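Subject: Structure handover

Hello,

Here is the structure I promised to pass on. Please open it first, then read my notes below.

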Amino acid sequence: MYARAAATTVALLGAGALVLPTAAATAQPHTAPAASGTARHDRPLVVAHRGASAYAPENTLAAIDKARAMGFRWVENDVQRTKDGELVIMHDDTLKRTTNVEELFPDRAPWKVADFTAAEIAKLDAGSWFGPEFAGERVPTLKQYMRRVSHNHQKLVFEFKKPELYPGIEKQGLQVLHKEGWLDRRHVKSRLVIQSFSADSVKTVHKLRPDVKTGFLGTPAVADLPSYARFADQINSTHTSISADYVSAIHDLKGPHGKPLEIFTWTVNDAPGAVRAAGFGVDGIITNKPDVVRKALRED
Ligand code: G3P
Ligand code: CA
């Protein structure tokens, strides 16, 4: 399956749909992305985690529509790859928790994303598990997802989920983003962050597209932060692992684009947590309940 996906990527590149800059281009000085297109006084940004996932099924188009309806521009997602090489939006590496895959394909345990074709995944109901009003909601392909985010005039924290399972997914993901118009200057400057728990994956993204803003998911030791700042613009840590001192240590460094290193913390779903994180000076709060976080920040 990986060979097929790699072949698809090569074929697209060979057809002239070049996503990636040439070696000469990568050697040019970077165009530093702005701090997510907002001034520091607008911080922290509120990011709807997997969409507004407390109110609509996670990682579906309904979840990003819900975020938009609630007035949130920033959404977060998780990107994985099907058996036949399509990129889809899914958090778990199996389809079991958030779709009716067990019902439709009872003999296909453990129902891994990577064991199903895009056509099979397109048949799944990704909404009923969350609530009957979402019955028929689908697992979006990355292409479908990007079109909806664009339509909604939203901004995206894009996560390569378990990239070690999907060799070459970074190049492939960037290719889709390019085709959907998300690697132009306007988007790169203020609408896109690409993050992963895999430092290797973040490094790969930075190498392939040095202009794109990146985030490493984790809480590295303070002494190790400078090495992360060479390829990541953000250190995105779970909110239970951070302190004011840790946030200061992040801000004291500069990322690969010469701007202060940032931190988007996750997943903060209550008012005290939001106030605490904001008090530390974080740049963004990733939350299933963006309305709760917004209200807490306004009242603080
Ligand atoms: O964006 C941060 C968060 O999404 C990382 O954790 O497991 O929800 O993808 P997870
Ligand atoms: Ca995620």
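In S6, the bridge partner of isoleucine 194 is threonine 214. Strands here, like helices, are DSSP runs (H or I of at least four residues for helices, E of at least two for strands), numbered from the N terminus. Strand S5 (residues 192-196) runs parallel to S6, with three bridges between them. Two strands pair if DSSP finds at least two bridges between them.

A word on the basis. This is a predicted model, where local features need pLDDT of at least 70, side-chain atom pairs count only at pLDDT 80 or more, and totals for chains, interfaces and linings use all residues. Residues are numbered from 1 along each chain as its sequence is written, chains are lettered from A and ligands numbered from 1 in the order in which they are written, and side-chain values use heavy atoms, with hydrogens and water left out.

Back to S6. The strand spans residues 214-217 and is covered on both faces. Thr214 and Phe216 are buried on one side, Gly215 and Leu217 on the other. Buried means under 20% relative accessible area, exposed over 50%, partly exposed in between (1.4 Å probe, protein chains only). In a regular strand the side chains alternate between the two faces of the sheet.

Strand S2 (residues 74-81) is covered too: eight of its eight residues are buried. Trp74, Glu76, Asp78 and Gln80 take one side. Val75, Asn77, Val79 and Arg81 take the other. The pairings of S2 are these:

- S1, parallel, two bridges; alanine 48 stands opposite valine 75.
- S4, parallel, six bridges; aspartate 78 stands opposite glutamate 159.
- S3 (residues 87-89), antiparallel, three bridges; glutamine 80 stands opposite valine 88.

The hairpin of S2 and S3 has five residues between the strands, and glycine 85 takes a positive phi near 90 degrees there.

Next, lysine 161. It sits in the loop between strand S4 (155-160) and helix H7 (169-179). Why does lysine 161 count as buried? Because its relative accessibility is 7%. Its side chain makes a polar contact with the side chain of glutamate 159, at 2.7 Å. A polar contact is a pair of N or O atoms within 3.5 Å; within protein, one must be able to donate a hydrogen and the other to accept it, and residues adjacent in sequence count only if both atoms are side-chain atoms. Leaving aside neighbours within four places in sequence, lysine 161 is in contact (heavy atoms within 4.5 Å) with residues including Asp78, Gln80 and Phe197.

H7 itself is mostly covered, with eight of its 11 residues buried. Among them are Ile169, Leu174 and Leu177. Glycine 181 follows H7, with a positive phi near 85 degrees.

On a 1 Å grid over the protein atoms alone, a cavity is a set of points where a 1.4 Å probe fits but cannot get out; a pocket is an open set with protein on both sides within 12 Å along at least five of seven lines; lining residues have an atom within 4 Å of a point. Grid points are joined across faces, edges and corners, and a volume is the space filled by probe spheres set on the points.

The largest pocket has a volume of about 320 Å³. Its lining has 14 residues, with Asp42, Pro44, Leu45, Val46 and Phe72 nearest the centre. Helix H13 (290-299) gives the largest share of that lining, three residues.

The whole structure holds two cavities of 30 Å³ or more. The largest cavity has a volume of about 60 Å³.

Best wishes
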